Amino acid sequence: YEKFTKRHVIIISLAGGEPTMRPEVIDLFVKQFPKRICIVSNGTLSLKKIPNLYFYWISIDGTKEVHDKIRGPGSYDKTRKNVLDYVNNNGDKAWKDIWITMTINSQNYHTVTDVAKEWHDHTNKIGFQFHTPFMQNDPLFLPFGPLRTKVVEDIIALKEKFDDDYIINPDSQLELMKKSWGGKGTTPVDCPTWAIVSVDHM
């Protein structure tokens, strides 16, 4: 706990696996870091109202057909039902607790606009990132080039259309997604100034 506070940690994301399968771990972190814990979830389990939780970050991998192709048949309907149940059953402001995260890859890049429009009226925010290749010739990687650039430009245009801060990525961050950050193979060397720190074994 002291290591985190001394380093002025702004937000802690609990990811998995599926964090909602370990409610005791979630409760521990929320108690120590009220209003700073984000739960990254696939949303296929019922979402519990947790006092002092910052937000749920629900993974959506495309429209229903594409999402189910990636995550398995029936996944999308389960997630959508659980999100809407949470929003509808936990007060007028429950929608603020739900953020959407979409990892863009070679299978779902064409659904970005549809996903944002579909979830816009039910959730607080949506954030985009591109699939990071963990091996050479990763089939999910969307290569740098005209197609990837167009996807980024479509997101920027969608931000202007919504005009309500629904898409959390700043334009400067999105522009960085158009090009390689440099490096060797799949290892970047000129990374942006945000970071994810894994604490699995601390």
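**Helix packing and salt bridges in a predicted model**

Helices H5 and H6 are roughly parallel to each other, a label given to angles under 35 degrees. This is a predicted model, in which local features need pLDDT of at least 70, side-chain atom pairs count only at pLDDT 80 or more, and totals for chains, interfaces and linings use all residues. Residues are numbered from 1 along each chain as its sequence is written, and side-chain values use heavy atoms, with hydrogens and water left out. A search of the whole structure finds 10 salt bridges, each defined as a side-chain nitrogen of Lys or Arg within 4 Å of a carboxyl oxygen of Asp or Glu.

**Packing of H5 and H6**

- Helix H5 covers residues 112-119, and helix H6 covers residues 146-162; helices (H or I, at least four residues) and strands (E, at least two) are DSSP runs numbered from the N terminus.
- The angle between H5 and H6 is about 25°, and their axes lie 10 Å apart; axes are lines fitted to C-alpha atoms, for helices over the stretch in contact, with angles running from 0 to 180 degrees between N-to-C directions.
- H5 and H6 cross in a right-handed sense, meaning that the near helix is turned clockwise from the far one by less than a right angle.
- From H5, Val112, Thr113, Ala116 and Lys117 meet Val151, Ile155, Leu158, Lys161 and Phe162 of H6, where contact means heavy atoms within 4.5 Å.
- By class, the contact of H5 with H6 has 6 nonpolar, 1 polar and 2 charged residues.

**Salt bridges within helices**

- In H6, the side chains of Asp154 and Lys150 form a salt bridge at 3.0 Å, N to O; the two residues are 4 apart, about one turn of the helix.
- Asp154 is partly exposed at 30% relative accessibility, as is Lys150 at 46%; buried means under 20% relative accessible area, exposed over 50%, and partly exposed in between (1.4 Å probe, protein chains only).
- Lys81 and Asp85 form a salt bridge at 2.6 Å, N to O, and their separation of 4 residues in helix H4 amounts to about one helical turn.
- Asp85 is partly exposed, with a relative accessible area of 29%.

**Other salt bridges**

- Asp97 and Lys49 join their side chains in a salt bridge at 2.7 Å, N to O.
- This pair links distant parts of the chain, 48 residues apart: Asp97 lies in the loop between helix H4 (75-89) and strand E4 (98-104), and Lys49 in the loop between strand E2 (37-41) and strand E3 (55-59).
- Asp97 is buried at 14% relative accessible area, whereas Lys49 is partly exposed at 41%.
- A network of salt bridges links Glu153, Glu175 and Lys178.

Note on methods:
Angles under 35 degrees count as roughly parallel, over 145 as roughly antiparallel, 65 to 115 as roughly perpendicular and the rest as oblique. Ala, Val, Leu, Ile, Met, Phe, Trp, Tyr, Cys and Pro count as nonpolar, Asp, Glu, Lys and Arg as charged, and the others, Gly among them, as polar.
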